[in-house]
Amino acid sequence: MEPGEVLSTAAQIAVALAGFAGVVVVFRRESVHDWSPINKFRLRQLLTNLILQLAFCMIGLLLLTIRPVPADIWRWSRGAAFVILLLFGIGTVKVFRRFDLQELHRAGASRSFFYLTAAVGIAVMLLQLYNAALLNPFCRFFTAIGVQLIAAMFQFARMVLAP
C-alpha cells in the first residue's frame with residue numbers, strides 16, 4: 001500500500017472510533033459529569049489518542065501533497081510525532097499519578113497495565129527519535145500512529161465493557 005492510502009485508512013478508523021465512543025457515552029446510564037475521575041481520565045485518553053492519530057495522519061497527508069515529495073518527509077513527521085508524544089506522555093503520567101491506589105482498584109484500573117502501556121509508548125518515542133535522526137522509511141512513522149490506534153482501541157473496549 002502507498003503511504004497516502006495507509007494514512008487515509010488510519011484517519012478513517014480514528015474518526016469511526018471517536019464516533020463510536022460518542023455513542024457509548026450518550027447511551028450510558030449516567031452523565032459524563034457523574035462519572036468517576038478514573039472513567040473521565042479514560043475517556044480523555046481515548047479521545048486524545050484518536051485526535052493525535054488523526055493529526056499525525058493529516059500531517060502526513062499534507063506533506064504528501066508537496067510536489068515533488070521531499071526526501072525527508074517521514075523524518076520531519078517522526079520528529080513532530082516525537083515531540084507531541086513526549087508532551088502527551090508527560091501530561092498523562094502527571095494526571096495518572098494523582099489517583100489514589102484505592103480509587104484505581106475500585107474503578108478496575110491497574111498501575112501495572114498503565115506502566116506497561118507507558119513503556120510501549122516510550123519505546124515508540126525512542127524509535128521515532130532514532131529513526132528521525134538516522135532513517136527515513138514511512139513504516140517507522142506509522143508505528144506512532146499504530147500504537148496510538150491500539151491504545152485507543154483498548155480504552156474504547158474498557159469503556160464499553162465497564163459496568
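Of the 21 residues in the largest nonpolar core, the ones touching the most other members are Leu7, Phe56, Trp74, Leu85, Phe141 and Ile145. Helices H1 (3-27), H2, H3, H5 and H6 each give two or more residues to this core, and H3 gives the most, with six. Keep in mind that this is a predicted model.

**The cores**

- Take Leu85, one of the core members that touch the most others.
- Leaving out residues up to four places away in sequence, leucine 85 touches Leu52, Phe56, Val124, Met125, Ala144 and Gln148.
- Another core, of 13 residues, lies apart from the largest one, and its members include Val25, Leu43, Leu46 and Leu149.

**Helix H3**

- How far apart are the end C-alpha atoms of helix H3? They are 36 Å apart, and this agrees with the 36 Å that 25 residues (73-97) should span at 1.5 Å a residue.
- The expected span uses one less than the number of residues, because that is how the expected span of a helix is defined.
- H3 has these buried residues: Ile73, Trp74, Ser77, Arg78, Ala81, Phe82, Leu85, Phe88, Thr92 and Phe96.

- Proline 68 sits in the loop between helix H2 (37-64) and H3.
- The peptide bond joining arginine 67 to proline 68 is cis, with omega at about -10 degrees.

**Glutamine 155**

- You'll find glutamine 155 in helix H6 (residues 138-161).
- Is glutamine 155 buried or exposed? Its relative accessible area is 13%, and buried means under 20%, so glutamine 155 counts as buried.
- Setting aside neighbours within four places in sequence, glutamine 155 is in contact with Arg42, Gln45 and Leu46.
- Leu46, by the way, is also one of the residues in the 13-residue core.

**A nonpolar patch on the surface**

- Now for the outside: Phe113, Leu116, Val120, Ile150, Met153 and Phe154 form a nonpolar patch on the surface, and together they have about 550 Å² of accessible area.
- Helix H5 (111-134) and H6 are the elements that give two or more residues to the patch.
- Leucine 116, a patch member, has its place in helix H5.
- Why does leucine 116 count as exposed? Its relative accessibility is 53%, and exposed means over 50%.

Key: Residues numbered from 1 in each chain as written. Predicted model: local features only at pLDDT ≥ 70, side-chain atom pairs only at ≥ 80, totals over all residues. Heavy atoms only, no water. Helix = DSSP H or I, 4+ residues; strand = E, 2+ residues; numbered from the N terminus. Buried < 20%, exposed > 50% of the residue type's maximum accessible area, 1.4 Å probe, protein only. Contact = heavy atoms within 4.5 Å. Patch = residues over 30% accessible without salt bridge, like charges linked within 9 Å, V, L, I, M, F, W, Y side chains within 5 Å. Areas by Shrake-Rupley, 256 points an atom, 1.4 Å probe, with all protein chains shown as cover. Salt bridge = Lys/Arg side-chain N within 4 Å of Asp/Glu carboxyl O. Core = buried A, V, L, I, M, F, W, Y, C linked by side-chain atoms within 4.5 Å.
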